Amino acid sequence: MSFTLLFTTVQSFAWANPIAPHTKRATQQANRLLPSVILQTSDPQGFQQVHPTVKLQRLGPKTTQSFRIDTTSTSQAVALADQLSTEGWSASVDMQTIKTPYNLSFNDPNYAGQWYLDTLDMVTLWEKSLGDSEIRVAVIDSGIDIAHPDFSDKLISPYDAHADDDDPSPNDGEYCWTGASGICDEHGTAVSGIAVAANNDSGIVGICPSCSLIPIKMLGDTVGALSADVAAFEHAIANEAAVINNSWGYIEPMSAPQPLINVIARAQTETRNGLGALVVFAAGNDNRMLEDGELCSIEGVLCVSAVDSYGRPTAYTNFGDDVDVSAPSATVSIAPNESLTTNFGGTSAAAPVVSGLAGWILSVRPDLSSQEVADLIIQNSQQSPLITPDENGHHDKYGFGMLSPLNIYETLYPPDTEEPQKAGCSTLAIAPSSVINSYILPLLLGCLFWMRRP
Ligand SMILES: [Ca+2]
Ligand SMILES: [Ca+2]
Ligand SMILES: [Ca+2]
């Protein structure tokens, strides 16, 4: 993507989205971060030899391949990006983006309790392993309460890419839309909890209870810079993430910016000695068709839609060709200050179910590449009996099917196949057990009953 295109995007985006609330904070951040150019190169020394007077500021840690070059005006940033691009460098004008955590609330008391763990048969998987602390799940989100007992023993290099400090905890007053004060930002804590909350007599149990957590705050309640998004991924790469969860998106449909595409491609191929990190994105909660070029269409990204506790598509989930799998919207999780939330939800709560499961898979099979984990998850998903998929087995809302931890488990640990098949029920023997549990169990019980009759 050329700088011109990015610049155009900035302009049209700003016009389409005037920033009314929290103007002061937004303006201060914008002043601090803009105007600048994002340079991505694996050879910063080579760059400095050609451009000795240009000051490179790292985005993320020492090993970063992304840098910010501050300029004094937007026109200078555009001119510099243009010049560097002409010379063959990967350079883009930084831009403001308005991102949103995919919040969604339910007030339904029947959602109490971690019902999704039953739906997913997680106990069967946990009997094999609760996960491995060597496997690091990065959560890029709003504030994450790193003092919570469910996280305190599993933290790897906490980072705040939004404020560029090392404390990703929720900030006082942030996301207090209703005039409330104190800590209102529950999103990042709830998302992280669903993925990796510890098995520790406190809070809840995450999908991968013994996986480690790289907590990265990237979202503020109004605008942030693209360079902060890039820094968040650089941090995940530098800290050897195995999985990177993203329960956020741009507030209006827009094409994924090229610097973000670049750094995600590196995350997928550079961590874990080249096996890479699985990058998971939530599909979003706007009940709309995903457009070409959005975050979910980035190569290798696993895009997750949300289903409810009955396996039906939620009314809000985004849909389209880029949805890979659907997962239950895990409405129950932890919140800051050791509290619990029972009205979390949205695709934000579905993505960390998949990320946690990817952490579990890599805990028992650390030899798998990020692509192999994605394939394992997609190929073992279970298409809903409620719909007719297309000829490729795909459906706009379910993707290639609903997440099936049990199918994955049985693929990794094939059940004993020595048992003789019973006449009349032989076809059931080839059905994966999650299908049996979810949809065929009534049929199977009927079959057994039939066999017992004299
Ligand atoms: Ca901070
Ligand atoms: Ca716990
Ligand atoms: Ca995909």
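Reply: Start with P35. This residue sits in the loop between α2 (23-33) and β1 (36-40). The model is predicted, and P35 counts as buried because 21 other C-beta atoms lie within 10 Å. The cut-off for buried is 20 or more.

What is around P35? Setting aside neighbours within four places in sequence, P35 is in contact with T71, S73, T74, Q76, A77 and D94. T72 is 37 residues away along the chain, yet the C-alpha atoms of P35 and T72 are separated by 6.6 Å.

A word of caution belongs here. pLDDT stays under 50 over residues 1-32. For that stretch the model has 40 contacts beyond four places in sequence. Residues 104-112 also have a pLDDT below 50, with 16 contacts beyond near neighbours in sequence. Where pLDDT is low, the predicted coordinates should not be read in detail. Across the protein, the average pLDDT is 83, and 82% of the residues score at least 70.

Now the helix pair. Two packed helices are described by the angle and the distance between their axes. Helix α8 covers residues 226-238 and helix α9 covers residues 258-270. Their axes come within 9 Å and cross at roughly 5 degrees. Angles under 35 degrees count as roughly parallel, so α8 and α9 are roughly parallel to each other.

Which residues make the contact? From α8 come L226, D229, V230, F233, E234, A236 and I237. From α9 come P259, L260, V263, I264, R266, A267 and E270. Of these contact residues, 10 are nonpolar, four are charged and none is polar.

Note on methods: Residues are numbered from 1 along each chain as its sequence is written. Chains are lettered from A and ligands numbered from 1 in the order in which they are written. This is a predicted model: local features need pLDDT of at least 70, side-chain atom pairs count only at pLDDT 80 or more; totals for chains, interfaces and linings use all residues. pLDDT is the predictor's confidence in each residue, from 0 to 100. Two residues are in contact if their C-beta atoms, placed from the backbone, lie within 7 Å. Helices (H or I, at least four residues) and strands (E, at least two) are DSSP runs, numbered from the N terminus. A residue is buried if 20 or more other C-beta atoms lie within 10 Å of its own, exposed if 12 or fewer, and partly exposed in between; C-beta atoms are placed from the backbone. Axes are lines fitted to C-alpha atoms, for helices over the stretch in contact, and angles run from 0 to 180 degrees between N-to-C directions. Angles under 35 degrees count as roughly parallel, over 145 as roughly antiparallel, 65 to 115 as roughly perpendicular and the rest as oblique. Ala, Val, Leu, Ile, Met, Phe, Trp, Tyr, Cys and Pro count as nonpolar, Asp, Glu, Lys and Arg as charged, and the others, Gly among them, as polar.
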